[in-house]
Amino acid sequence: MAIQWFPGHMYSTQKAITERVKDIDVVIELLDARLPGSSANPMLAELTAGRPSVKVLNKQDLADPAQTARWLAHYNALPATRAIGLDASQTTPAQQLVKACHELSPNRGGMAKPMRVLICGIPNVGKSTLINTLTGGRKAKTGDEAGITKLEQRIVLADDFYLWDTPGMLWPRIIVPKSGYNLAASGAVGRNAFDEEEVALELLDYLKVHYAAGVATRFKLVELDTETMAGMKDEDLLDTIGRKRGALLGKGKVNLQKTAEIVMHEFRAGNLGRITLETPEEFAQWLAAGQRADAERAAKKAARSKKGKAKPASDSMPGAVPEDAPADDPQD
Ligand code: G4P
């Protein structure tokens, strides 16, 4: 899927993180508990490599509890990593976060060696909500203090515990197509940046197999048992939902765009039940396939440019586009 990626402050945030990470003890990364693998920023992993990490699976109230438990176990098994599940209903998440950071960096603490923590996450993952809860709504300090860039906020959680906030950041290119769909379904990507029908079809493709009961109940698809739904074509399921909801154009045709919006809205609001769109194993497979495809693309590109360089200048017409030229770097 080609997502029109609008990374926003990506480059300046990247620079700010690179600078800040030198003086950081622990990195907290907020992930969306419904898509933990897809919402993890691969660029952040590179920028903060070697730092202890707390993975917060946020919005756990919307995610499948059994899958959240598996993801927590997956992350907790990684070196120098602690994982916790959170949601906006928790009024005192600071205790859990502070404890996890002290476990990872036991030598920090006290006024002489305050804990210094960087908090990051993709847009819409719930970072502002969490920080508001942590600070009780106190305004965090921004760039008017020496050593703090305009893009950062420093939050003093305790006299010996500082939290640096960074703007929500995406990354330049998605190599796992399924991650693109899941991010779009979750609301992390602006609505003008993708085809809603395409995203809703991909979403239904997963839901009809794993969460058919929730879909059937919400859309009153009483005639469909779970097996029948799982065997349906995604397009037919979308069409059936559109009819049930009365999203019709003239002559009995379903308004697929409207229906796609309904499906995504119901998913995001949690009305289809508590849903997780990927397991650790599924994500690992998607990632491996994405990396293979990316390596093949890079190899082809390198071969093409080598061939191009080897060609005598007279062979190529100025301005001509070779037949096998790739389209603009796809953002998928
Ligand atoms: P950001 O700073 O990371 O961009 O995210 P922000 O806190 O603004 O949260 C994005 C949306 O996610 C908000 O909803 C917020 O209420 C919701 N949210 C944050 N944390 C949780 C959580 O743990 N569980 C659930 N279910 N939702 C959460 P919104 O629709 O943009 O606004 P509104 O509904 O609050 O008006």
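This is a predicted model: local features need pLDDT of at least 70, side-chain atom pairs count only at pLDDT 80 or more; totals for chains, interfaces and linings use all residues.
Which residues of helix 4 are buried? They are P93, L97, A100, C101 and L104, and because they cover an arc of only 100° around the axis, they lie on the same side of helix 4. An α-helix has 3.6 residues a turn, so residues three or four places apart point the same way. On the face of helix 4 that is turned away from the buried side, the exposed residues are Q95 and K99. The buried residues of helix 4 pack against several elements, among them strand 1 (26-32), strand 4 (115-121) and helix 5 (127-135); strand 2 (53-58), strand 3 (81-85) and strand 7 (161-165) also belong to these packing partners.

Strand 1, one of those partners, has seven of its seven residues buried, so it is largely enclosed by the rest of the structure. Both of its faces are covered, with V26, I28, L30 and D32 buried on one side and V27, E29 and L31 buried on the other. Strand 1 runs parallel to strand 4, to which it is joined by five bridges, and within strand 4 the bridge partner of V27 is L118. Strand 1 also runs parallel to strand 2, with six bridges joining the two, and here L30 stands opposite V56 of strand 2.

The loops that follow strand 2 and helix 3 deserve a look at their backbone angles. Most residues other than glycine have a negative phi. K59, in the loop between strand 2 and helix 3 (65-76), has a positive phi of about 60° although it is not a glycine. A80, in the loop between helix 3 and strand 3, likewise has a positive phi, near 50°, without being a glycine. At 46% relative accessibility, A80 counts as partly exposed, because that class lies between the buried limit of 20% and the exposed limit of 50%.

The aromatic side chains complete the tour. The structure holds two aromatic pairs. Y162 and W164 form an edge-to-face pair, with 6.1 Å from centre to centre and 80° between the planes. W164 counts as buried because its relative accessibility is 7%. The ring of Y162 also has the charged end of R154 sitting over it, 4.6 Å from the ring centre.

Note on methods: Residues are numbered from 1 along each chain as its sequence is written. Side-chain values use heavy atoms; hydrogens and water are left out. Rings of Phe, Tyr and Trp (its six-membered ring) pair if their centres lie within 6.5 Å; planes under 30 degrees apart count as stacked, over 60 as edge-to-face and the rest as tilted. Buried means under 20% relative accessible area, exposed over 50%, partly exposed in between (1.4 Å probe, protein chains only). A charge sits over a ring if NZ of Lys or CZ of Arg is within 6 Å of the ring centre and within 35 degrees of the ring normal. Helices (H or I, at least four residues) and strands (E, at least two) are DSSP runs, numbered from the N terminus. The arc is that of the directions from the helix axis to the C-beta atoms. Contact means heavy atoms within 4.5 Å. Two strands pair if DSSP finds at least two bridges between them.
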